[in-house]
Amino acid sequence: MSQSEHSGQPGSRIEPGMTTDFRQRMSYGDYLGLDLLLSAQKPLSDAPDEPLFITIHQVQELWLKLCIHEIDGAIAAIRKDELSPAFKSLARVSRIQSQLVAAWDVLSTMTPADYLAFRPSLGESSGFQSWQYRALEFRLGAKDPRMLAVHKHHPVAHALLEKAYREPSLYDEAVLLLARRGLPVPTACVERDWREPHPFDAGLRDVWLGIYRENRQHFDLYELAEELVDIEDQFQQWRFRHMKTVERIIGFKTGTGGSSGVQFLRTALERRFFPELWDLRGQL
């Protein structure tokens with residue numbers, strides 16, 4: 001067997017007809033913008049673990065971007081009463097979230113000493129300042145106008161967040177769909193200020209409860225509810241793993257952005273996006 005016919009890896013052999021000249025063609029690297037993507041990791045210290053820290057957070061930002069794209073697609077589909085494409089998008093978000101959760105397993109291989117070797121280089125930068133994370137929270141209904149102030153220095157991000165802040169969330173759109181289907185949704189749940197977080201409503205809980213009890217009759221709405229629960233479940237797992245990773249690496253130190261660190265992250269575990277969908281389980 002000649003050297004040209006054998007290589008160290010299966011499937012790596014050049015076959016007749018395979019393109020090898022990319023001087024006038026778009027290559028894989030061109031399509032993905034790899035030169036730009038792979039040059040975006042710029043450590044500010046010589047610490048060997050800083051590239052890991054940067055890469056993990058950049059990968060998470062890419063996944064967040066895709067989550068936002070898919071949720072926007074789901075919202076648009078729900079507005080048109082087209083639930084099948086919404087289910088596809090929401091299921092994809094749940095799969096993406098599993099990747100976000102798993103990312104903490106990689107970061108947790110970094111020891112406290114590893115992190116302290118480059119932590120001063122971070123200055124006051126913090127994951128708390130991720131505008132994409134905030135945009136995702138706003139789309140899921142966790143709206144807080146105070147979070148907008150962090151992004152005033154970034155006009156484009158601020159404008160996108162302001163838009164998400166003022167528009168109905170994913171859950172709001174699901175509730176509006178229930179009302180369009182003729183279900184007895186309380187008026188306060190559909191005629192309200194979308195800038196406010198959705199408060200728990202026992203009447204709305206009972207509407208969802210009826211859907212669960214008569215799930216054969218309302219199967220698409222039942223499936224929508226379970227897709228939403230999947231997303232919140234994964235989101236809470238992400239929050240928990242974030243908190244535990246931070247605790248493992250820096251204990252209860254103050255965060256780089258000035259937050260209380262672990263204590264700040266722990267408070268998020270008590271907040272619900274879709275409270276009625278969780279409460280009804282005790283009523284079934």
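A pocket is an open set of points on a 1 Å grid over the protein atoms alone, with protein on both sides within 12 Å along at least five of seven lines, and its lining residues have an atom within 4 Å of a point. Helices are DSSP runs (H or I, at least four residues), numbered from the N terminus.

Before we start: this is a predicted model, where local features need pLDDT of at least 70, side-chain atom pairs count only at pLDDT 80 or more, and totals for chains, interfaces and linings use all residues. Residues are numbered from 1 along each chain as its sequence is written, and side-chain values use heavy atoms, with hydrogens and water left out.

**Exercise 1. Describe the largest pocket and the helices that line it.**

Step 1: begin with volume, the space filled by probe spheres set on grid points that are joined across faces, edges and corners. For the largest pocket this comes to about 1,300 Å³.

Step 2: find the lining. It has 47 residues, and Phe53, His57, Ser126, Gly127 and Phe128 lie nearest the centre of the pocket.

Step 3: look at the helices. At least two lining residues come from each of helix H3 (50-79), H4, H6, H11 and helix H12 (262-268). H3 gives the most, with 8 residues.

Step 4: sort the lining by type. Ala, Val, Leu, Ile, Met, Phe, Trp, Tyr, Cys and Pro count as nonpolar, Asp, Glu, Lys and Arg as charged, and the others, Gly among them, as polar. That gives 21 nonpolar, 18 polar and 8 charged residues.

**Exercise 2. Locate the largest cavity and list its lining.**

Step 1: a cavity is a set of grid points where a 1.4 Å probe fits but cannot get out. The whole structure has 1 cavity of 30 Å³ or more, and the largest cavity holds about 60 Å³ of space.

Step 2: around the largest cavity stand Leu64, Gln97, Leu100, Tyr133, Leu136, Phe235 and Trp238. Helix H4 (83-107), helix H6 (131-140) and helix H11 (219-250) each give two or more of these residues.

Step 3: by type, this lining has 6 nonpolar residues, 1 polar and no charged.

**Exercise 3. Explain why Gln236 counts as buried, and find its contacts.**

Step 1: buried means under 20% relative accessible area, exposed over 50%, and partly exposed in between (1.4 Å probe, protein chains only).

Step 2: Gln236 counts as buried because its relative accessibility is 12%. This residue lies in helix H11.

Step 3: contact means heavy atoms within 4.5 Å. Leaving aside neighbours within four places in sequence, Gln236 is in contact with Ala268, Leu269 and Arg271.
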